[in-house]
Amino acid sequence: MKILVTNDDGYRAPGIQALYRALTRDHEVILAAPDRERSAIGHGITLNQPLRYDRVDLNGGGQGYAVTGTPADCVKLALATLCQGRPDLVISGINAGSNTGININYSGTAGAAREAALNGIVSIAASIQYGEVMDFKGMAKYLVSRVDKVCSQGLPKGVFLNINGPCIPMDQIEGGAYHLPGRQQPFHWFCSAKRSQEKTLFLVFPDGCGSTGPGHGQSGYSGSFFIHYPHPMRHDRLWGHGDASDLRILEFHGKKI
């Protein structure tokens, strides 16, 4: 299977490197990711300046492409040039930090998966909640175990999977849950940083950036493994039938989600 991997943390990030190593054992993998961190850039694309890519060596062996643009740019450029043929699947991640609720709209990780979905390609956005234990290797292993079934069963047109894991070892997760994206209000927390040439500078206050549990107004995962099916154009509704029967492709540790 030909798989394109990308992210918004940059090609050096441990999440995408773990994913690349896990997938290359059985699949043809093309890594095309930003040359630096491009978090919270959403579905933005680069206009009015050229894009450039460089071949880069990856930590665990192999090579990828470092692109000067956004995550969505990476997908566009890869589909046009780098993949040399249409990929069967696009995976964006594994992101350091969850992408749930309204934050899906800001997420470069989700933006890349959405771009692939808009091009008719099965796609997955994968993230892990910030914490002391961020088991990228375990999440990569889970994704590898699902790719064949996800691609064979397919997804409705324009839909991508958004998978979020908690900050605990993946082998401690007992199961998963499906939720609509949360509906919390956008954050507006800023703090003044300093004055520069008589101008006040502002920074987003970190405590205002936390994700809430999907489908709820409360924070924290409590050991759950959340699965989201956000529509690329409207994140507050399911496609058509919207029942849970299609979640069979995402069983975890043998348990149906």
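How accessible is Arg52: buried, partly exposed or exposed? Arg52 counts as partly exposed, at 48% relative accessibility. Point 7 returns to this residue.

1. **Basis.** This is a predicted model; local features need pLDDT of at least 70, side-chain atom pairs count only at pLDDT 80 or more, and totals for chains, interfaces and linings use all residues. Residues are numbered from 1 along each chain as its sequence is written, and side-chain values use heavy atoms, with hydrogens and water left out.

2. **Confidence.** pLDDT is the predictor's confidence in each residue, from 0 to 100. The protein averages 79. At least 70 is reached by 69% of the residues. Helices (H or I, at least four residues) and strands (E, at least two) are DSSP runs, numbered from the N terminus. Confidence is highest in strand β1 (residues 2-6), at 98. It is lowest in strand β11 (residues 226-228), at a mean of 43.

3. **Where to be careful.** Residues 207-247 stay under 50 in pLDDT. The model still has 112 contacts for them beyond four places in sequence; contact means heavy atoms within 4.5 Å. Residues 253-257 are also below 50, and this stretch has 15 contacts beyond near neighbours in sequence. Where pLDDT is low, the predicted coordinates should not be read in detail.

4. **Main core.** A nonpolar core is a set of buried Ala, Val, Leu, Ile, Met, Phe, Trp, Tyr and Cys residues joined through side-chain atoms within 4.5 Å. Buried means under 20% relative accessible area, exposed over 50%, and partly exposed in between (1.4 Å probe, protein chains only). The largest core has 35 residues. Val5, Ile91, Ile94 and Leu143 have the most contacts inside it. Elements giving two or more residues include β1, α1 (14-23), β5 (89-96) and α5 (136-153). The largest share, seven residues, comes from α5. Ile94 shows how the parts meet. Beyond its neighbours within four places in sequence, its contacts include Ile16, Leu19, Ala126, Ile128, Phe136 and Leu143. Another core lies apart, with 15 residues, among them Ile30, Tyr65, Ala116 and Ile121.

5. **Strand β4 and its partners.** Four of the five residues of β4 (residues 63-67) are buried, so this strand is largely enclosed by the rest of the structure. Two strands pair if DSSP finds at least two bridges between them. β2 and β4 run parallel and are joined by three bridges. Pro34 has Val67 in β4 as its bridge partner. Strand β3 (residues 53-57) runs antiparallel to β4, with five bridges. There, Asp57 stands opposite Gln63. The β3-β4 hairpin has five residues between the strands, and Gly61 in this hairpin takes a positive phi near 100°.

6. **The aromatic pair.** Rings of Phe, Tyr and Trp (its six-membered ring) pair if their centres lie within 6.5 Å; planes under 30 degrees apart count as stacked, over 60 as edge-to-face and the rest as tilted. The structure holds one such pair. The Tyr53 and Tyr65 ring centres are 5.4 Å apart and the planes are at 85°, so the pair is edge-to-face. Tyr53 lies in β3 and Tyr65 in β4, so the pair ties together parts that are 12 residues apart in sequence. Tyr53 is partly exposed, at 35% relative accessibility. Tyr65 is buried, at 15%.

7. **Salt bridges.** A salt bridge is a side-chain nitrogen of Lys or Arg within 4 Å of a carboxyl oxygen of Asp or Glu. The whole structure has three. Arg52 pairs with Asp54, with the closest N and O atoms 3.6 Å apart. Asp54 is partly exposed, at 38%. Arg36 pairs with Asp35 at 2.9 Å. Arg36 is partly exposed at 44%, and so is Asp35 at 21%. Lys76 pairs with Glu115 at 3.1 Å. Lys76 lies in helix α2 (residues 71-82) and Glu115 in helix α4 (residues 108-118), so the pair ties together parts that are 39 residues apart in sequence. Lys76 is partly exposed at 38%, whereas Glu115 is buried at 7%.

8. Gln17 lies in helix α1. Gln17 is buried, with a relative accessible area of 5%.
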